[in-house]
Each structure stands twice: as C-alpha cells, then as structure tokens.
Amino acid sequence: MIKRLQSVKERIENAARACGRDPETVRLVAVSKTIPTDRVKQAIQAGVTILGESYVQEARAKFNDLATYPASWHFIGHLQSNKAKYAVRLFDLIHSVDKLKLAREIDKQAKKINKIQEILIQVNISEEASKSGVDVEDAHNLLKDISLLENLSVKGLMTMPPYFNEPEKVRPYFSALRGLRDHLEQQELFNVTLSELSMGMTGDFEVAIQEGATLVRIGTAIFGKRE
Ligand SMILES: *Cc1c(COP(=O)(O)O)cnc(C)c1O
C-alpha cells in the first residue's frame, strides 16, 4: 500500500506539472470506504492527510479509533438528512450537497455546534436520471438559496461522471464541470467561493487534473480492489 500510495502521488505530481499546474494545487483524497481501520491507520502513517468516506456509520466507527491521528475527513457519499447531525461532527468537507433540504439540515446541525460547515455542490453533469447531483440548469438557484444559510460555506463543485474504461471519454464531463464553475463564479454570489473542483478517481484522475481538478478522490489505486 505504501508503494501504491507513493506511485499515486507521483502520478498526481507528474500530471500537474505536465499541464503547467503547481502540484500543490491538487490534493489527494484517499478513499477509505470499506477499508478496515488498521489499513487506514497505515495510510495516515504513510502520509495520507485526507480520507474520503461514503457511509456515515462506517466513518464514525473508524473515527472513534483514529480521532488522534492527523487526518482530515471528507464525506463523498450520498448523505441522508437524518445523518447530517453526525456528518457535521466528523467531516471537514462534505462533497455531496445537491438539495436545498439537505443543505438546510446540515446548516441547522452545524449551527448547533457553532461550526461553519464547508461543502461542495454535487452536480449531475452527465444528466443521467440515475445519478445524484443537482441538474446543471438548477445549480445557480441552488447556490443562491444555499448562500443565505449562515452556517454553510460553499467551496466548489463535485461530480461523478459516467463510468468508462477510457479516460478520454470522461474528459468532456470534467471540462463541463469546470465550465459551469467558471460561469457560476461570474455570478458573484455572496458567501460562495468556487475554487475547488472535486473530480477524478482511480481510472481517470490524470485527465481530471488536466481539466482543473483540485481534489482527486482515489481509492482502488491506493488500497487495491475493494471487497
Ligand atoms: C468509491 C468512490 C471513489 C473512489 O473510486 P476508485 O475508483 O476506487 O478510486 C471516488 N469518489 C466517490 C464518490 C466514490 O464513491
């Protein structure tokens, strides 16, 4: 795992340099969903600084054992409103906010613990019916509404494009997310910054970096195939 992690970090750096970006502007989210706590611990000891988890219950259990370890926890899965209470206690960044109702619940729970919760807006950039994320044409209105919630701070956009074996086929979705970000940035919404683009996974992170990713979410290339 240490070797795989090293290789992923090198690939990130190379991809960034090759397109003229500072490698420091791309952060690795090591996706540790379904990975047992002791292996997550090893990953932190090997230099992982951000963990990506998809299930609140699972993350809570791991966090209990790893609370003293120097890692930042990000939520990347589908968040149910009734888990928002736990999510605000655990996660520094929630990547997957796609509905006003969910945003309101996160805001309410964050207020209770006096926290400004940082979030990303998940966009259904491919407009597949089965996918989570706000539709492109609704993103502006959602952002406007969310910008009024005092205990939320929007940092950027996230997407999960359709799966292809061929990374080049995913490129148009990544570039569409960046285009949407550039467009929304011009609206100058109060309390909203859109500097983060969370996109790119094991199969396509280099293309995502070329298209402007600032957070790449990588599981398999670090931990091996999930059970
Ligand atoms: C599982 C998951 C990943 C990581 O996928 P890999 O192909 O294992 O790198 C990234 N993002 C999200 C939202 C995921 O659920």
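A polar side-chain atom of lysine 33 sits 2.6 Å from an oxygen atom of the ligand, which makes a handy place to start. A polar contact here is a pair of N or O atoms within 3.5 Å. This is a predicted model, where local features need pLDDT of at least 70, side-chain atom pairs count only at pLDDT 80 or more, and totals for chains, interfaces and linings use all residues. Residues are numbered from 1 along each chain as its sequence is written, and side-chain values use heavy atoms, leaving out hydrogens and water.

Here are the contacts to look for:

| Residue | Its polar atom | Ligand atom | Distance |
|---|---|---|---|
| Lysine 33 | side chain | oxygen | 2.6 Å |
| Arginine 217 | side chain | nitrogen | 2.9 Å |
| Glycine 219 | backbone | oxygen | 2.8 Å |

On its own, the ligand has 380 Å² of accessible area, and the protein covers 89% of that (Shrake-Rupley method, 1.4 Å probe). The residues around the ligand include Val31, Ser54, Ile76, Met160 and Arg226; to be listed, a residue needs a heavy atom within 4 Å.

Now for the aromatic rings. How many aromatic pairs does a search of the whole structure find? There are 3. Rings of Phe, Tyr and Trp (its six-membered ring) pair if their centres lie within 6.5 Å; planes under 30 degrees apart are stacked, over 60 edge-to-face, and the rest tilted. Phenylalanine 63 and tryptophan 73 make an edge-to-face pair, with 5.4 Å between centres and 80° between planes. Phenylalanine 63 belongs to helix H3 (residues 56–66) and tryptophan 73 to strand S3 (residues 72–75), so their pair ties together parts 10 residues apart in sequence. Helices (H or I, at least four residues) and strands (E, at least two) are DSSP runs, numbered from the N terminus.

Buried means under 20%, exposed over 50%, and partly exposed in between (1.4 Å probe, protein chains only).

Finally, two asparagines. Most residues other than glycine have a negative phi. Asparagine 114, though not a glycine, has a positive phi of about 60°. Asparagine 114 lies in the loop between helix H5 (100–112) and strand S5 (117–122) and is exposed, at 73% relative accessibility. Asparagine 191 has a positive phi too, about 75°; this residue is in the loop between helix H7 (167–185) and strand S7 (192–198) and is partly exposed at 30%.

Note on methods. A polar contact is a pair of N or O atoms within 3.5 Å; within protein, one must be able to donate a hydrogen and the other to accept it, and residues adjacent in sequence count only if both atoms are side-chain atoms.
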